[in-house]
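Here is a short note for someone opening this structure for the first time. Please read the points with the model in view.

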Amino acid sequence: MIRAFHRWPGLIALALVTVLALSGAVLAVFPVAERIAAPQAGAELSVATLAERIQTIYPGLEQIRRAPSGQITAYWFEAGQPGAAVIDPTTGRGVASADPNAFQRWLTNLHRSLFLGDPGRVASALGSVAMLVLSVSGILLVARRVGGWRNWFSRLRGPLAGRLHVEIARVAVIGLLLSSATSLWMTASTFELIPDGGPLLGIPAEVSGQTDAPLAGLAMLGDTPATELRSLSFPYDGDATDVFTLKTDRGTGYLDQGTGAVLAWADLTAWQRVSETIYMLHTGQGAALLGAVLGLMALGVPVLGLTGLTIWLAGRRGRPRIRANQRAARAETILLVGSESGSTWGFAATLHEALRAAGQSVHIAPMSSFAPERYAHADRIIVLAATYGEGAEPSSAKGFLTKLDACSDALDIPIAVLGFGDRSFPAYCAYAQTIAEAVEAKGWPVLLPYDTIDRQSPQAFARWGQALGAVLGIALELHHQPTPPATTELTLQSRRDYGADVQAPTSILRFSLPRATFWQRLTGAGSTRFAAGDLIGILPEGSPTPRLYSLASSRRDGFLEIVVKKHPGGLCSGQLTALEPGENVRAFVRRNPAFRPDRSRAPLILIGAGTGIGPLVGFVRENEQRRPIHLFFGMRDPQSDFLYAQELGGWKDEGRLSRIVTSVSRGQRPRYVQDAMRADAPELVRLVQSGARIMVCGGRDMAAGVADALHDILAASGLSATKLKTEGRYVEDIF
Amino acid sequence: MKSLLATLALSTALTMPALASAQPVTLKTTLNNYGGDGAYLALYVTDPSGAYAGSLWMAGGKSKYYEHLNDWYRATGGDPAQINGITGASVGAGRTLEITLDLADALFDAGYTLHIDAAVEDMRDSPNEVAVPLTTEGAGTPVPGRRYVADFTYDM
């Protein structure tokens, strides 16, 4: 619901809001320039002295105005010719032209009325309404995404467009709220919907009839500091019935030109004060710095518009066309999709197609249209569910859990739940897990145990497909490649082999950097930019599905290095571990910014086992600033699979690595890496308390063991592993 | 061209029995290129003693800005009844405002003066921009303004 309030105003008013924001941002410059350029009156200068100085030089003086910036302008007539100038209050002499800046005037008219007069003002105001709705709905969406107000500035994860969108919005939103709300007030004021006009001052009936009193003799002018002046209008020359009209920050009044007596006076009304404050907040006139800040924030709007559009288009593109969808009442398999950005729909479409090809009759629908009473012929229900933010339901799953809870009886149709998510989020697949638990609590038959797909991994999806096929008694080959990547040929430079004696043949493979074209260098495309912790996708011969490996080197190292363990029967790992120097593979680099050390000097705790050492080694290798790094490394046998043993020793001597704690799982006293951590608990607690960041890389079981150990160790000292995760100080790369 | 027939809100002086004899008069105000937004113009008449007699036209729709038409505002206190039904849009720089209305014959050659007050956003207020005696002789003769009006003519 909130999303609709964010999406539609955003899409419809995109161009209008962008024009308003850009013109507003440029307009914010003028008050700053004026504040800097305007000669300022000293605090001790009175209006009388100022007026005398100006009148001495311009005898036909008619009016003096002081802008909120402090700029003083005088208007006079000389020999029948109108004159005007910006005045230096110390001399009373004109120093600059008083003509309005044509560009500023043009921009102002664009900003407030799109050059269309009153209808344009209404259109601009509607743009402000759109901005206001976008800001409020955006605030609610960000709060939901980061998991509450307290996490407002927490680290963001996910695709770049979404991150950039929130990153800018959560800073700029305060300015956008202020600018749009104040503009609506100003529009209402312009259309006289707000009673903020000046008080009506009766024209004085009685005047002294004297003229030509010296300005210094007019008491109120002598008492009013020039810094409080707004305007002073002089009586007509020779008209004894005319008066001085004085406007100050306090109010408006008429002064007798002969005696200086205050003939009438009215203070500013409360409405006037409110409107003036709002005008100042919106335009920055009188608050130039605030105006500049608001202008900078407004510059975020075009970026927000573009990234928002990108997010929306990506969501649309991601949702594929489904061919030959069976009706719910006829289908044997019901496929329910809970997708946020649309990528889960892609997987669902692949599954739909594969099941249909295997002769199944399948109905595919968003989870929100879950209707068990209609599934008359269904033999199974398969739920593919993504998660929004910190465990919320994705957009196409609206109301699913409520409907599920409403089913009083256990459904006799077996269910499988597959979660889609990103392990770098603390609430990884939290929504799918909630469904799996709800289904279990209801005692419904389970078709396949609950499983998850991390970061759209095609391998994991193919693996799950095989398991599904086994249950259904059909061969199910799921090849889903979200966006076919552009691959390059990589040539193996060298290899080092480990682990053969412990039945875990593992190789460190080093590839030469591919020659990048000029264009690739320019755009940073292809494999020209990468860092340790990024992923490399290898396309094995005989399969369209890439396998992802963590990189153990950065661009600066001048080579691409990965650690590969040969899995029995593994297609890709088999080909890679059989690769000889000089031979090629097809590969692409995928960035993985969530798994990267921050730039601080706080200690790093790196935890890995087996091939998980790869990216961790990369971090140590590039630790030139000698930041304290504590490495926990689990292996089977130091004689056989102590990967990087030599280098690690060297880096320790050089100070790139502070400490290495190994654990050996074979032999007399088998110990896993989590055991080593528990033994080192006090030191770990001390490091975490001093701001350390924890990075874990390895298989699922190992990561689960490490997570449990960390949780226990930290909880005993009143720390929370979950909180560390939310702060981005505890990240995992799990395969 | 705006045409207006005897719907003037002109007060005492112009509601004399003499109103029976009135004739159409065309008021043509041409602005110079002063380099600003649209000008607010108040056209009104004062009697031989210089007292406000009535308004002829108000160019500019938002009453909150009328106080910048200083003399008119002082004379009327900004009373909206004075310009009820004789209000139009503000006049852009370089543009011409042309209105035709029935004016009482008694206004001419009797010491009445037609005034124009002008004001432009962020520029000087110009009360008494034009002050021209209403005479049959002066009809058709362009009169220059002080700041914004290039020339003003009334034609009978």
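Predicted model: local features only at pLDDT ≥ 70, side-chain atom pairs only at ≥ 80, totals over all residues.

1. **Confidence.** A term to start with: pLDDT is the predictor's confidence in each residue, from 0 to 100. Chain B has a mean pLDDT of 86. In that chain, 87% of residues reach 70 or more. Residues 1-18 of chain B are another matter: pLDDT stays under 50 there. The model still has 45 contacts beyond four places in sequence for that stretch. For the complex, the predictor gives an ipTM of 0.84 and a pTM of 0.65.

2. **The two chains.** How many residues of chain B are in contact with chain A? There are 16, and they meet 14 residues of chain A. On the chain B side, ten of the touching residues are charged, five are polar and one is nonpolar.

3. **A helix pair in chain A.** Two packed helices are described by the angle between their axes and the distance between the axes. Take helix H2 (residues 14-27) of chain A and helix H6 (residues 117-146) of chain A. Their axes lie 9 Å apart, at an angle of about 100°. Angles of 65 to 115 degrees count as roughly perpendicular, and H2(A) and H6(A) are therefore roughly perpendicular to each other. H2(A) brings Leu16(A), Val17(A) and Leu20(A) to the contact. H6(A) brings Ser124(A), Gly127(A), Ala130(A) and Met131(A). Five of these contact residues are nonpolar, two are polar and none is charged.

4. **Strand S1 of chain A.** Is this strand enclosed or open? Strand S1 (residues 61-66) of chain A has five of its six residues buried, so it is largely enclosed by the rest of the structure. S1(A) pairs with strand S2 (residues 72-78) of chain A in the antiparallel sense, over five bridges. Within that pairing, Gln63(A) has Tyr75(A) of S2(A) as its bridge partner. S1(A) and S2(A) form a hairpin, with five residues between them. In the turn, Gly70(A) has a positive phi of about 100°.

5. **Another partner for S1.** S1(A) also runs antiparallel to strand S5 (residues 229-233) of chain A, and three bridges join them. Here Ile64(A) has Leu232(A) of S5(A) as its bridge partner.

6. **A six-stranded sheet.** Follow the order S17-S16-S19-S14-S15-S18 in chain A. These six strands form an open sheet with antiparallel pairing. Its edge strands are S17 (547-550) and S18 (559-565) of chain A, each pairing on one side only. Neighbouring strands of the sheet are turned by 40° against each other on average, direction ignored. Strand S15 (residues 506-512) of chain A pairs with S18(A) over seven bridges, in the antiparallel sense. Ile508(A) stands opposite Val563(A) of S18(A).

7. **Two backbone angles to check.** Most residues other than glycine have a negative phi, and most peptide bonds are trans. Arg455(A) has a positive phi of about 45° although it is not a glycine. Gln456(A) also has a positive phi, near 55°, and is a residue other than glycine. Where is Arg455(A) found? Arg455(A) is in the loop between strand S13 (446-454) and helix H14 (458-472) of chain A. Gln456(A) is found in the loop between S13 and H14 of chain A. Arg455(A) has 18 other C-beta atoms within 10 Å and is partly exposed. Gln456(A) has 19 within 10 Å and is also partly exposed.

Technical notes:
Residues numbered from 1 in each chain as written. Chains lettered and ligands numbered in written order. Contact = placed C-beta atoms within 7 Å. Axes fitted to C-alpha atoms, helices over the stretch in contact; angles between N-to-C directions. Helix = DSSP H or I, 4+ residues; strand = E, 2+ residues; numbered from the N terminus. Parallel < 35°, antiparallel > 145°, perpendicular 65-115°, else oblique. Nonpolar A, V, L, I, M, F, W, Y, C, P; charged D, E, K, R; others polar. Buried ≥ 20, exposed ≤ 12 C-beta atoms within 10 Å, placed from the backbone. Pairing = 2+ DSSP bridges.
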